[in-house]
Amino acid sequence: EDLAYGLRLTISIGLPASAGLVVLAQPVTALLFQRGAFGSEDAHVTSRMVAAYGAAVWAYIGLLIVHRGFYAMDDRITPVRIGAAAVLINLVLNLTLVWWVGGVGLAVGTSLATSVQAIWATRRLQARTGRIDWRRIRRVTLQAVLATALMSAACSLIQLWWGHANTTLELAAGVVLQVLIGGAVYFGVARLIGLREPWELLIRSRTL
């Protein structure tokens, strides 16, 4: 039950985090790095890397949860074996994609390999436990996808409305505005459709 709850938290927080990094990759990169010799073209290339890595945030978080499940069962070998296989998959993907899409292919390959590793490890752990409540996890996933889609749409509309910011202050204001409104949309939609996990995590963090 704890493992299933951890997976639901991973989905409800990891999906919007991934989408947020993809949507905000360009303005955040420009805000942090675009100055001096680091021009707009450099910021564009870097933002593609940020978006490619950010798309797999849910998998990075999920692996932390799943690995703890293995450790709780006193199994430290399976995660290592799956991780070694993921390294090989990552290497193959990197060497393949770098020829097609350049440097961003390295980020895409890493994200894909990590996603495969997370799904693979979860399936192996399920075979050991046999008690993961996938019906509830699927419901949370559909709810999180809906809330994330509306959040991403809100952030994208703000980017269109804000236009092309030229100064650091304008970039910072745009990023803060998107984070605040995007977060409000996600948590608001979650409350409306009965997605409790992100609210439970928020309330728990306040009590710690």
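Ser115 is placed in helix 5 of this predicted model. Ser115 counts as buried because its relative accessibility is 14%, which falls under the 20% cut-off for that class. Beyond residues up to four places away in sequence, Ser115 touches Ala56, Trp58 and Ala59.

**Second largest pocket**

- The second largest pocket holds about 420 Å³ of space, and 17 residues line it, with Ile11, Trp58, Ile119, Thr122 and Trp134 lying nearest its centre.
- At least two residues of this lining come from each of helix 1, helix 3, helix 5 and helix 6, and helix 5 gives the most, with five residues.
- Sorted by class, the lining of the second largest pocket comprises 10 nonpolar, five polar and two charged residues.
- Trp58, one of the residues nearest the centre of the second largest pocket, is also among the residues that Ser115 touches.

**Largest nonpolar core**

- The largest nonpolar core is made up of 24 residues, and those with the most contacts inside it are Leu7, Val66, Ala121, Ile137, Tyr186 and Leu195.
- Helix 1 (2-33), helix 3 (57-72), helix 5 (104-129), helix 6 (134-162) and helix 7 (168-193) each supply at least two residues of this core.
- Once neighbours within four places in sequence are left aside, Ala121 is in contact with Leu63, Val66, Phe70 and Ile82; of these, Val66 is itself listed with Ala121 among the residues with the most contacts inside the core.

Methods: Residues are numbered from 1 along each chain as its sequence is written. This is a predicted model: local features need pLDDT of at least 70, side-chain atom pairs count only at pLDDT 80 or more; totals for chains, interfaces and linings use all residues. Side-chain values use heavy atoms; hydrogens and water are left out. A nonpolar core is a set of buried Ala, Val, Leu, Ile, Met, Phe, Trp, Tyr and Cys residues joined through side-chain atoms within 4.5 Å. Buried means under 20% relative accessible area, exposed over 50%, partly exposed in between (1.4 Å probe, protein chains only). Helices (H or I, at least four residues) and strands (E, at least two) are DSSP runs, numbered from the N terminus. Contact means heavy atoms within 4.5 Å. On a 1 Å grid over the protein atoms alone, a cavity is a set of points where a 1.4 Å probe fits but cannot get out, and a pocket is an open set with protein on both sides within 12 Å along at least five of seven lines; lining residues have an atom within 4 Å of a point. Grid points are joined across faces, edges and corners, and a volume is the space filled by probe spheres set on the points. Ala, Val, Leu, Ile, Met, Phe, Trp, Tyr, Cys and Pro count as nonpolar, Asp, Glu, Lys and Arg as charged, and the others, Gly among them, as polar.
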